[in-house]
Amino acid sequence: MLKVVVFIKQVPDTSSKAGVNPDGTIDRARAKRMLNPFDRYALQKAIEIKRQYGAEVTCVTMGPPPAVEVLVEAFEHGADYGILLTDKRLAASDTLATAYALHMVVRHIGAFDVILTGLQTTDGDTAQVGPQIAERLHIAQITYCEGLSISGTTLSARRVVEGGFQEMEVQLPVLITVANSATPLDYKRFGDVAAVKEFLRHPEEREKRIKIVSLDTIGADSARTGLVGSPTVVGKTWKLGEIGGSCVVFQGESMEREVSELIEKLKADGKGVEELINA
Amino acid sequence: MPNPNNVVVVAEQLQGDLQQITQELLGAARGLAEKLGTGVSCFLLGHGITPLAERLIHSGADEVIVVDDPQLKEYTTLTYRRGVIAILEHLKTPPPIVLMGSTTIGRDLAPRIAAYMEVGLTADCTELDIGDYEHKGKADPTKVGTFNNILYAIRPSFGESLKARILGPWKKPQMATTRIGVMQALPLDKTRKGAVFTVAVKFEQEDFRVKVVKTARDVSTSVNLTEAKVIVSGGAGLGGPEGFDVVRDLASVFKDAVVGASRRAVDSGWIPYAHQVGQTGKTVRPDIYIALGISGAIQHRVGMANAKTIIAVNKDADAPIFKFAHYGIVGDLYQVAPLLKKELIKMAREKGVKAGA
């Protein structure tokens, strides 16, 4: 049976108003939390592999204790095992330090065939951690992967490039970052949602499925994580600030009137809208 | 012997075509090199690509270091990784700065090089500069100190509406990737002279674990949001997939319009991902952007705020989109869109009549 590892992350939900300060900055303690939207594609790909070829799917996340929520979500989608790496000494890790810690989790797991990650996260936005894990594990990678199939120990994949695509073959093991243009998301939950609720209630069962580990558990060197292990720091930040702020709003009882006022205003402002219309 | 103290750009070519990002990076590198009082080196990898070296010199490079090898005919992560490492090792001392593009190649290769070298890498920069930095953090006493003439890698953190300056003065090279279309390329200067060096690379068997079976151009499946003059987009306010009929109907009024969508609409399965505008979709800058039933959360805003004219229609007068759109109508999009279509056609006809008379 194939062994598949999926890296997922909990991020602040910026589409919700909760925890978003008036200037657009995030109060992480108050913000709503969600699974990184890019990771849904990786998770879905893992479940597809499981259904098509038979696989054991282990989801790995790193973060503070509430991040266990994304593992529960992964079980509902059909994942088999979950690992949460949580340790105060991981705070402020940059991509290099994060990749070090996560590759140590893979070493702790042992054998694997395919590692899947989302293309990037919505909070860090770097797309660097996946390839850096692959470098640390000395394995091949395929980034921006749209589709894949597996035959024996050969994985065939289609990779998006600017203005086209590449078709490639690789011998397992491999790390794949999944493009959003992969299969559209299917919101059916393939796990047994009732069974997930049930095992979460029983500490013994729960411990079999969810492992909560620290840097010590996985034998990682804390000098290579967190602020100390990161070769970069954030030196200074500025607010992006509001854009525009001079919206002309038409509002009233009659839609006809609002629309015709808008059209008159567009003409008066000389926006050249006319030139772009089929008439 | 190439100068190891130059600012380095890793060139990008696809089947012998130099990519625009390379000229942009050379433009940025020249600015940094002048502030540092040094030159610009360009790493060029591929097969049969040595003639491109002259073009790189005309675009701002002082030295071009070429690895020309049949095994580099097609880009693969591990063979190009080996090639870049071979040049870095050939230089003996690591260069101060290495720049690459935020492309499907740069974002694939740069993190591997950075992890191999155990150095920092800042992704998707929008500005680069040189400056000083005093590190006072107490977490690691070995890092404390004052550093002069280091790389300022500046990038937006969209999730938080912030712009951040990222620094990594402790290890060389300081690495960064830059977004496409942000850095300024220099005008081609055909009188520029430079030196060309070649480096041989010794591949390992493990570098060939990935085989490229086929490389193809494919525009059929792409939705050309990035080049459209007009985008009409729909969001959660549509209420269902049939809402996009209204969006398409309004878009049909324009000569060159493409249908866009918010993440909520795509995640709901109403329209394919190729239409998505925003942080997790495309970044667009059309002349006109019409947003129907889109609230304007930050993740959408960052993808379309640079449109020249933004017109928003939303039932909720407090929707954030009314803070940054140029024109807004508070109302039901199902009523407003057909009226808007009718009035836009009328407006263009009147203009046509005037022009004809």
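**Strand pairing and the interface of chains A and B**

B:I231 has B:V258 as its bridge partner in strand β15(B). The strands concerned, β14 (residues 230-234) of chain B and β15(B), pair in the parallel sense over five bridges; two strands pair if DSSP finds at least two bridges between them. Helices (H or I, at least four residues) and strands (E, at least two) are DSSP runs, numbered from the N terminus. The model is predicted, with pLDDT of at least 70 needed for local features and 80 or more for side-chain atom pairs, while totals for chains, interfaces and linings use all residues. Residues are numbered from 1 along each chain as its sequence is written, chains are lettered from A and ligands numbered from 1 in the order in which they are written, and side-chain values use heavy atoms, leaving out hydrogens and water.

Both chains contribute to an open sheet of six strands with parallel pairing, in the order β13(A)-β18(B)-β17(B)-β16(B)-β14(B)-β15(B). At the edges stand β13 (248-250) of chain A and β15 (257-261) of chain B, each with a single partner strand, so one side of each is left without a neighbour in the sheet. On average, neighbouring strands of this sheet are turned by 15° against each other, direction ignored. Axes are lines fitted to C-alpha atoms, for helices over the stretch in contact, and angles run from 0 to 180 degrees between N-to-C directions.

Helix α8 (residues 255-268) of chain A lies across β13 of chain A and across β17 (309-314) and β18 (327-330) of chain B, running at about 175° to β18(B). Helix α5 (residues 243-251) of chain B also packs on the sheet, where it touches β14, β15 and β16 (288-292) of chain B and makes about 155° with the direction of β15(B).

A further pairing between the chains is antiparallel: seven bridges join strand β9 (residues 164-171) of chain A to strand β13 (residues 210-217) of chain B. There, B:T215 in β13(B) is the bridge partner of A:Q166.

In total, 98 residues of chain B are in contact (heavy atoms within 4.5 Å) with 94 residues of chain A. The area buried between the chains (accessible area, 1.4 Å probe, lost by two parts on being put together, summed over both) is about 8,700 Å², of which carbon and sulfur atoms give 57%. Six salt bridges (side-chain nitrogen of Lys or Arg within 4 Å of a carboxyl oxygen of Asp or Glu) are found across this interface. The side chains of B:R112 and A:E135 meet in a salt bridge, at 2.8 Å from N to O. Helix α9 (residues 333-356) of chain B supplies twelve residues, the largest share of the side of chain B that touches chain A.
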